Structure formats: structure tokens, C-alpha cells
Amino acid sequence: MPSREELPRFVAPMLARTGPVPVGDGWAVEVKFDGMRLQLRRDGRAVCLRSRPGRDCSEEFPELAAIAGALGRHRVLLDGELVCLGTDGGPDFTSLRRRLRAPADKARRHAERAPATFLAFDVLHLDGHSTRELPYERRRELLLDLALDGSGWRTPRHFVAETDEVLAATREHGLEGVVAKRLGSAYLTGARNGAWIKHKHRRTESFLVTGWSPAEPRRPESLMLARVGSDGSLEPTGSTPLVLADGQADETRRQLEPLVLPPARRGQRIRRLAPALRADVAFHGPSRGPVRDPILRAIAAVEPPGAT
């Protein structure tokens with residue numbers, strides 16, 4: 001074990017590059033869940049949670065304070081992902097987003113209705129010693145020795161020499177993707193050096209265009225999207241930047257202008273549109289959830305009922 005050090009309050013997290021999953025020996029893969037990066041610090045009875053930038057969000061997730069009992073006497077700093085699970089057992093990013101920055105009274109109610117789960121994937125400090133200089137596979141051994149398997153926390157598996165199987169399974173179950181990690185790599189704080197590589201699954205889906213948000217300072221031009229239910233109801237699914245091949249964005253704007261409806265309220269920035277256009281959008285995340293990192297592929301007129 002490396003030399004002793006004080007338990008850090010926070011460590012700038014190691015980051016992953018985006019790219020194809022590496023092939024060959026020397027790599028492990030972990031499932032990438034659709035949640036929020038989180039560091040969990042346990043010192044005595046105190047449990048502190050910090051987001052990727054280092055913001056203290058402990059009061060927003062009071063149910064995770066109970067992990068202190070599961071950690072015994074360990075003083076530890078863990079890296080991982082925070083998720084809220086939906087009715088299908090998969091991550092529900094919308095439920096997680098509702099919980100962010102909630103005041104203490106609402107946070108307690110949220111904890112009962114949509115409890116969060118901490119998925120630990122790395123240990124950065126353990127009982128007075130930094131573990132960040134250790135290779136990935138040794139840090140995983142130390143993490144597994146903590147035996148985190150409770151109602152609100154667990155350590156998901158990592159996989160060696162099973163990359164194709166994990167890719168297929170995560171795609172089939174609508175999970176976000178995978179992260180490949182070099183087995184011998186140390187934990188390099190704040191680095192994005194290629195020892196971790198993330199691969200996100202993308203799917204393409206057609207949405208109804210329900211609004212148009214013209215460009216403003218610090219706000220890109222975008223289209224508001226909705227998924228059409230089997231009963232004809234509209235479920236808002238977020239927005240996508242209006243970025244198409246040369247000339248196509250201008251043509252789309254000309255299509256949007258005659259579809260603008262009167263604003264629902266005075267000073268409304270987003271222009272409501274009559275439902276006459278369909279957007280084909282590539283995105284990652286659950287197939288029935290909001291679009292994440294969307295890319296607009298095409299715009300087309302909505303076919304009227306009965307059209308062949």
C-alpha cells in the first residue's frame with residue numbers, strides 16, 4: 001500500500017475519452033449507466049457526496065448516509081455513478097434530474113418515492129492511504145473487498161475478455177454504453193489520457209417537432225421534440241440543435257415559419273409549432289427516455305392519416 005495521506009475532501013475525477021472500444025488484451029469493460037458522476041467520502045459517521053465539479057450534494061440524497069454502516073470502520077473515498085432506477089429496473093435520468101438541488105424537506109420525500117443508488121466503480125483512498133497510484137485491477141480488488149451490496153449501493157461487475165458480449169447486452173437492454181479501462185492504469189486525477197475510453201450506444205428515432213427556439217447569446221437554435229404515444233398523446237422528450245448539412249438548415253427554417261402558433265403566454269421565447277414536421281434524431285440513453293446528446297439527422301413533413 002502507498003504511503004499514508006490524509007483523507008482528501010475531493011479529488012478531480014479521472015475522465016474518459018470517447019472512441020471505439022479497444023480490442024486485445026489488457027482491457028476491462030464496465031457498463032456505463034445513465035446517471036451522475038459522484039464521489040462518496042466516508043470519515044467516521046460522516047458521509048459526504050460530491051458531484052463531478054466538486055459540489056456538495058449530500059443533503060439532496062439523504063438515503064445514502066446509511067452507507068456508513070455498510071462500510072464498517074473504513075475511512076474511504078469512492079468514485080462512482082449515482083442513478084435512480086425506473087419501474088423497468090433501468091436508470092431513469094429524468095427522476096434523477098428532479099432530485100438535484102432539492103431543499104431538505106423535498107429531498108426526504110424524493111428519497112422515499114425515487115430512491116437513488118450509488119454504483120461504486122473505483123476506490124481512491126482507503127484507511128489512510130491513497131490508492132490512486134495502484135493499477136486498475138488492484139483497485140478493483142480493494143473495492144470488491146468492501147462488499148458493497150445494499151439497497152442503495154453496490155459495485156457492478158467489470159468484465160475482462162468479454163467485450164463483445166457486454167456490448168451486445170448493453171445495447172439489447174437499452175443501457176447507455178460501456179467504459180473500457182486499461183488494466184494496468186493508475187487513477188490520474190483530472191486526466192483524459194486514453195486509459196479510459198467510453199463508447200455510447202446511439203439509436204435513431206422519429207419525433208414530432210412541437211417548438212422552435214431561435215438562437216440567442218449562449219443558447220443555440222434548437223427544435224423541441226415530442227414522442228407520439230399509441231393513443232395520440234404527446235410526451236415531451238427534450239430538444240435538439242438545428243444543425244443539418246449545408247443549406248438544409250435554411251430550408252428547414254423556411255418550413256418552420258408558416259407553422260408558428262400564437263404564444264401561450266406573453267414573452268414566451270420558444271415558438272410553438274403546428275404538428276406538421278418529423279425530426280429523425282440520433283441520441284443515446286433509454287429508448288423511451290429523453291434524448292441525450294442528440295444529433296439531428298433529417299427533417300420531413302408528417303404524412304397525413306391514411307396516406308400511403
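Reader: How many aromatic pairs does a search of the whole structure find?

Author: The search finds three aromatic pairs. Rings of Phe, Tyr and Trp (its six-membered ring) pair if their centres lie within 6.5 Å; planes under 30 degrees apart count as stacked, over 60 as edge-to-face and the rest as tilted. This is a predicted model, in which local features need pLDDT of at least 70 and side-chain atom pairs count only at pLDDT 80 or more, while totals for chains, interfaces and linings use all residues. Residues are numbered from 1 along each chain as its sequence is written, and side-chain values use heavy atoms, with hydrogens and water left out.

Reader: What makes phenylalanine 121 and tryptophan 196 an edge-to-face pair?

Author: Their centres are 6.2 Å apart, with 80 degrees between the planes. The limits are within 6.5 Å for a pair and over 60 degrees for edge-to-face. The pair links distant parts of the chain, since phenylalanine 121 is in strand β6 (residues 116–126) and tryptophan 196 in strand β11 (residues 196–200), 75 residues apart. Helices (H or I, at least four residues) and strands (E, at least two) are DSSP runs, numbered from the N terminus.

Reader: Why is the pair of tyrosine 187 and tryptophan 196 called edge-to-face?

Author: The ring centres lie 5.7 Å apart and the planes are at 80 degrees, so the pair is edge-to-face. Phe121, Tyr187 and Trp196 form one aromatic cluster.

Reader: Why does tryptophan 196 count as buried?

Author: Buried means under 20% relative accessible area, exposed over 50%, partly exposed in between (1.4 Å probe, protein chains only). Tryptophan 196 has 2% relative accessibility, and therefore counts as buried. Phenylalanine 121, at 14%, is buried, and tyrosine 187, at 3%, is buried.

Reader: What makes the charged end of lysine 181 sit over the ring of tryptophan 196?

Author: A charge sits over a ring if NZ of Lys or CZ of Arg is within 6 Å of the ring centre and within 35 degrees of the ring normal. The charged end of lysine 181 is 3.8 Å from the ring centre of tryptophan 196 and sits over that ring. The charged end of arginine 271 sits over the ring of tryptophan 212, 5.0 Å from its centre.

Reader: Which residues of helix α4 are buried?

Author: In α4 (residues 136–145) they are Tyr136, Arg139, Arg140, Leu142 and Leu143.

Reader: How do you know that the buried residues of α4 line one face of the helix?

Author: Down the helix axis, the buried residues of α4 fall within an arc of 160 degrees, so they line one face. The arc is that of the directions from the helix axis to the C-beta atoms.

Reader: What makes β1 and β9 edge strands?

Author: Five strands form an open sheet of mixed pairing, ordered β1-β11-β10-β2-β9. Both β1 (17–18) and β9 pair on one side only. Two strands pair if DSSP finds at least two bridges between them; β1 and β11 have two, in the parallel sense.

Reader: Which residues of the largest nonpolar core touch the most other members?

Author: Leu78, Leu82 and Phe118 do, in a core of 28 residues. Such a core is a set of buried Ala, Val, Leu, Ile, Met, Phe, Trp, Tyr and Cys residues joined through side-chain atoms within 4.5 Å. Strand β6 gives this core its largest share, five residues.
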